[in-house]
Amino acid sequence: MSGTRIEGRDWLLGVGVAATLVVGGLAERPAASGSVLLGYTLLALAGLALTARRRAPVTVLVVTGLCTVAYQATGFTVFAVAYLVAVYAAMRAGRRLATGSTSLLMLVALPAAAIAAGRPAAEAFAQARAVLGVAWLVAAAAAGEALRQALRQAEEAERTREQAALRRAGEERLHIARELHDTLTHQISVIKVQAEAAVHLAQKRGEPVPEALLVIRDAGREAARELRATLEALRDDDRLASYGLGQLTDLVERARATGLDVSLTVDGRRDGLPAAVDRTAYRIVQEALTNVARHAGATSASVRIGHHPGLVTVRVDDDGSATPQTPPVPGVGLLGMRERVTALGGSLCARPRPEGGFRVSAELPVEQAS
């Protein structure tokens, strides 16, 4: 509660209650006419103190209680609206002991203040009942406690829904992991084994190994590693795949092995990059280079990573056949990149360059993913 900011509605309530109390004071003629100005000041202060009721409920409870006792001692018998609102706020904040203790003191202090001001005991107790009725006090406390319980039950229900959603998500991840294992793992293993066998056979015969066959072998190995890491991440949500910007050099080397001239530039340095940003930046470069190799008809590509305060930028350019007049049709790869970036609160731009070729650029906020 101590960090709660005083909002416009708090000021509205405080000023409204202060005005109500002052008007109530104007409607009666105080017994001690010499203390009229002090009494009006106390009435206004009791109402204005409510502006901080959410920030410091116990302090406001004590202040409004003291003001109520003091303005009664000056001759005003205005109903203790401010104190009842403070009781409600303190009970809503869960301060039961402080509320009960202060209220008991109030029930004793009100008639004592009237007696100290020179009133007969019977009149003092009647005035105290007029200022603060026990029934109203109980009602304010009960209302605050009821709302607190309702809010707590709502929070508990929300936590229960979140836990159920997490459980369903975990079950779905396991289902996906099983499907991937049953379908892709076998096929990728066959490709990898066949390619390795063909390379081994060619080397055994002393024949030159085709470059394309070496690329297929290396791609099969990499695909198997990535699929294994993905399955592990799906089976255990707390375990994150290790791919990130630290593996960019290997990724660029594999792209070069296909005959594509790829340059890599990293501007700045940032340690402790959030894992989600690190992986997403790597996947954007990976998907962009894959698209260049498959569809762009390019001979060269450039990768630039920029580390800025609160931001990581990724840009991949190629000199392929795309032009603003003949833009390529967006595929599943671009859609996947956009979904990854959007999930982090970033932005992605993928379009042909004015001078020809294609550009993929992304901005990934670091703070939101921390």
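**Exercise 1. Is Ala98 buried, partly exposed or exposed?**

Solution. The model is predicted: local features need pLDDT of at least 70, side-chain atom pairs count only at pLDDT 80 or more, and totals for chains, interfaces and linings use all residues. Residues are numbered from 1 along each chain as its sequence is written, and side-chain values use heavy atoms, with hydrogens and water left out.

Step 1. Locate the residue. Ala98 lies in helix H5, residues 96-116. Helices (H or I, at least four residues) and strands (E, at least two) are DSSP runs, numbered from the N terminus.

Step 2. Take the relative accessible area. For Ala98 it is 24%.

Step 3. Apply the cut-offs. Buried means under 20% relative accessible area, exposed over 50%, and partly exposed in between, with a 1.4 Å probe and protein chains only. Ala98 is therefore partly exposed.

Step 4. List the contacts (heavy atoms within 4.5 Å). Leaving aside neighbours within four places in sequence, Ala98 touches Val58 and Leu61.

**Exercise 2. Describe how H4 and H5 pack.**

Solution. Step 1. Get the geometry. The axes of H4 (residues 81-92) and H5 come within 8 Å and cross at roughly 155°. Axes are lines fitted to C-alpha atoms, for helices over the stretch in contact; angles run from 0 to 180 degrees between N-to-C directions.

Step 1. Classify the angle. Under 35 degrees counts as roughly parallel, over 145 as roughly antiparallel, 65 to 115 as roughly perpendicular, and the rest as oblique. So H4 and H5 are roughly antiparallel.

Step 2. Name the residues that meet. H4 supplies Tyr83, Val87, Ala90 and Met91; H5 supplies Arg96, Thr99, Thr102, Ser103 and Met106.

**Exercise 3. Which strands stand at the edges of the sheet?**

Solution. Step 1. Write the order. Five strands form an open sheet, E1-E2-E3-E5-E4, with mixed pairing. Two strands pair if DSSP finds at least two bridges between them.

Step 1. Look for single partners. E1 (261-267) and E4 (347-352) each have a single partner strand, so one side of each has no neighbour in the sheet. These two are the edges.

Step 2. On average, neighbouring strands are turned by 10° against each other, direction ignored.

**Exercise 4. Trace the pairing of E5.**

Solution. Step 1. Take E3. Strand E3 (residues 311-318) runs antiparallel to E5 (residues 358-365), joined by seven bridges. Thr313 stands opposite Glu363 in E5.

Step 1. Take E4. E4 and E5 pair in the antiparallel sense over six bridges. Arg351 faces Arg359 in E5.

Step 2. Inspect the connection. E4 and E5 form a hairpin with five residues between them. Gly356, in the turn, has a positive phi of about 105°.

**Exercise 5. Where does Thr280 sit, and what does it touch?**

Solution. Step 1. Thr280 is in helix H10, residues 275-296.

Step 1. The relative accessible area of Thr280 is 6%, so this residue is buried.

Step 2. A polar atom of the Thr280 side chain lies 2.8 Å from the backbone oxygen of Ala276.

Step 3. Not counting residues up to four places away in sequence, Thr280 touches Arg340, Val341, Leu344 and Leu364.

Technical notes. Polar contact = N/O pair within 3.5 Å; in protein donor to acceptor, adjacent residues only side chain to side chain.
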